[in-house]
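I opened my notebook for a quick look through this one. Here is what I looked up, in order.

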Amino acid sequence: MADRFGNFINGEYRDPATGEYLASTNPATLDTLYELADSDERDVDLAVSAARASFESPVWRRTTATQRGHLLRRLGDLIGEHADELAEYESLDNGKLLREMRGQMRGLPEYLFYYGGLADKIQGATIPAASTDIFNYTLREPIGVVGAITPWNSPLTLTTSKLAPALAAGNTLVIKPSEYTSRAILRFAELALEAGFPAGVVNVVTGTGVRAGSPLVDHPKIAKISFTGSTGTGSTIAAKTAARFVTTTLELGGKSPQIVFDDANIENAATGIVAGVFAAAGQTCIAGSRVFAHKSVFDELLERVTARASTIKLGNPLDETTELGPIAFEGQYNKVREYIEVGEREGANLHFGGRRPEIDLPGYFLQPTIFTDTTRDMRIVQEEIFGPVTAIMPFEHENEVLALANDTNYGLAAGVWTRDLNRMVRLSRGIDAGTIWFNMYRMMSPQSPRQGFKDSGVGTEHGIESMYDYTRLKSVWINTDDSPAADPFVMRTK
């Protein structure tokens, strides 16, 4: 019988009010891994109430910023000690390569160390007042209970991007992980308790978006929602929270361009394109799924990318030699296949892949897929697929490709391959995306802020800036003059 997990609320596991559970399935083998609570609004209310009680408790209120930093660093140490265990949970759940997840887990402590170091650097300012009798200063305060709704493609990394700055600022959290990838998040919450965070500071409620995610967004005690996921769901969350003046950070979809100029190192560019869209089976919001190649290098680039795609080893993600694992779950697998069919129906040339490979595993495997002869208005060029599918298109001039790169509703990331430094400066200003890589792709760090433009989101993750998004700014005025008060019917300006 599979292991069964309840919700992690106020420092302990609690059975869901529904009494119901969902099964998590290994996408490579289709075996059941474990069962998770199929929670509803009653479980969400319990978790948010616990988080609010912890936020108001003297224990957490009197934990100094420096002590919060110590707790985050201790949690980072524990994550490092359990990196292999956490990596295996994630690989089994979402099918991403074990060696990639192991790399993510071993790098994850750096996020907690970074925000641990920043915790006691959250400062206000002294404001020059119009009178020497007035002392005016600002405070940055935690905002309360943060609801973190996280996706299935990189569960712990994307959760930590929210949790670390939120805790550094003194907030408490309720995390609603994807129903496809809850195991590592539950273990993470156990480790937070072991690190010394008081019970109720970090809570986890599992289940679906409809039954558990939506009540979390709607809960009146939630002060902020931080969400990573689809643009459609992000739009719904934005509308709901705006009506209640609840702030949000929304990291949403992408349709990122990779541009290869004729002066680029074509071999490296081909590798970067493979990394951008075939690594992680393209299941990343920053996937470089639109490739533009200068017409003079188009054939060479296409040949190199196709040659590498044809040798990619598909298989069990736990196998150290596997290069491409399965799609994370059946619904996503069907969605990617539908897009491939749409591309063919719209007249694009299926240059490579697009089919289920011959493989001795029953899971959701799909060949790396390359389309050519596409047009800018095709759905496979405009819409986020979230799978190992790319279109490679030629261009002639810089201004032409700049317009093509910006010709989507998204603005999350971009990659450019060129040796021309002047061109790098021009395109860094011209491309409408929150992250731009030159002669590289798919790198991030806790120090470097990430924003999505247009339909790719609002707010900042990573960097100092994201921590301020988890605070509120208060202006404090102190009158040091004890002489008779001024006219009460005239607003004081000095």
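**Entry 1, the record.** I started with UniProt, where an unreviewed entry lists "domain: Aldehyde dehydrogenase" for residues 17–476. I am working with a predicted model, so I kept that in mind throughout. Over residues 17–476 I read 41% helix and 21% strand, with the end C-alpha atoms 44 Å apart.

Next I checked burial. Thr231, Gly234, Ile237 and Thr241 of H9 are buried. Looking down the axis of H9, I find its buried residues within an arc of 115°, so they line one face of the helix. Ala239 and Ala243 are exposed on the other side of H9.

What do the buried residues of H9 pack against? I noted strand E8 (145–149), helix H8 (209–218), strand E11 (222–228), E12 and strand E18 (410–411).

I found Arg244 in the loop between helix H9 (231–243) and strand E12 (247–251). Phe245, which follows H9, has a positive phi, near 60°.

Is Arg244 buried, exposed or partly exposed? Its relative accessibility is 30%, so I logged Arg244 as partly exposed.

Then I listed its contacts. Leaving out residues up to four places away in sequence, Arg244 touches Val217, Asp218, His219, Pro220 and Ile222. Pro220 is 24 residues from Arg244 in sequence, yet their C-alpha atoms are 8.6 Å apart in space.

How values were computed: Residues are numbered from 1 along each chain as its sequence is written. This is a predicted model: local features need pLDDT of at least 70, side-chain atom pairs count only at pLDDT 80 or more; totals for chains, interfaces and linings use all residues. Side-chain values use heavy atoms; hydrogens and water are left out. UniProt positions are given in the numbering used here, feature names are shortened, and annotations may be inferred rather than shown by experiment. Helices (H or I, at least four residues) and strands (E, at least two) are DSSP runs, numbered from the N terminus. Buried means under 20% relative accessible area, exposed over 50%, partly exposed in between (1.4 Å probe, protein chains only). Contact means heavy atoms within 4.5 Å. The arc is that of the directions from the helix axis to the C-beta atoms.
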